[in-house]
Amino acid sequence: MESRPDFGDLTERLGVDIDPETLRCALTHRSYAFENGGIPTNERLEFLGDAVLQLVATESLFFDNPDLPEGRLAKMRSAVVNTRALAAIGRRLGIGEFVLLGKGEELTGGRDKDSILADTVESLIGAAYVGCGPDDAFALVHRLIDTMLHDAVRLGAGMDYKTTLQEAAADLKLGPVTYTITSEGPDHARVFTAVAVLGEAAWGSGEGSSKKAAEARAAEAAVRTIVEQHPGARR
């Protein structure tokens, strides 16, 4: 019989005591389910978690920003609940090490794919709702996204960090923005590293499974550095 992973560390990271069976379902990717006799996948929990996430993000933005129009609020919400942002949450929590994947996804770097990590974050939110109730699920979402909601309001531009970085660099006369790219690993699981360079100085770096993803993360890191060093640099 297959040994079950120890989920204790993950529940501690989440701060929610989801029962093992519900948690296991939340971590079951369809590729694993297919290879193991069609067991339940995390897709139903993902569907629920997406709705909970949208509600919490919408409610927070609506009540915390009474002067902002609907269009701005919609862009900010999109910035927080998109695949890239949710995948970043997944990486921060180390969710990839717990996801149950089929052999094919395992071999092609599925544990670090944005789509898989983002979907799993949503399924875990759904699992918290089912296993612990709405109050605990809402509290979990706030812990996961409140910082990003604050950044969306502060940075604007839909949290398009590459655009925001270009604008901030121009406003502060920090020099042109360029990216240096390196990569390592086999072709099927190559990891790219990007460094955001303003003028001749490195301001942030990031990794990803594509050059585009790595550049986006490097731009995000650079924007955060700029905000720390130049608090008035807000879009």
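The model is predicted. Its largest nonpolar core has 41 residues. A second, separate core has 19 residues. In soluble globular proteins, nonpolar side chains tend to be buried together.

**Largest core**
- Leu27, Ile89, Ile95, Ile125, Leu144 and Ile145 have the most contacts inside the 41-residue core.
- At least two core residues come from each of α1 (8-14), α2 (20-26), α4 (43-64), α5 (70-81), α6 (83-93), α8 (114-132) and α9 (134-155).
- α9 supplies the largest share of this core, with eight residues.

**Leu144**
- Neighbours within four places in sequence are left aside here.
- On that basis, Leu144 is in contact with Ile89, Arg92, Leu93, Val121 and Ile125.
- Leu144, Ile89 and Ile125 are also among the residues with the most contacts inside the largest core.

**Second core**
- The separate core of 19 residues includes Ala196, Leu198, Ala222 and Val223.

**α4 against α5**
- The two helices pack at an angle of about 140°, and their axes are 10 Å apart.
- Angles over 145 degrees would count as roughly antiparallel, so α4 is oblique to α5.
- The crossing of α4 past α5 is right-handed.
- From α4, the contact uses Leu53, Gln54, Ala57, Thr58, Leu61 and Phe62.
- From α5, Leu73, Met76, Arg77 and Val81 take part.
- By class, this contact has seven nonpolar, two polar and one charged residues.

Definitions and conventions: Residues numbered from 1 in each chain as written. Predicted model: local features only at pLDDT ≥ 70, side-chain atom pairs only at ≥ 80, totals over all residues. Heavy atoms only, no water. Core = buried A, V, L, I, M, F, W, Y, C linked by side-chain atoms within 4.5 Å. Buried < 20%, exposed > 50% of the residue type's maximum accessible area, 1.4 Å probe, protein only. Helix = DSSP H or I, 4+ residues; strand = E, 2+ residues; numbered from the N terminus. Contact = heavy atoms within 4.5 Å. Axes fitted to C-alpha atoms, helices over the stretch in contact; angles between N-to-C directions. Parallel < 35°, antiparallel > 145°, perpendicular 65-115°, else oblique. Left-handed = near helix turned anticlockwise from the far one by under 90°. Nonpolar A, V, L, I, M, F, W, Y, C, P; charged D, E, K, R; others polar.
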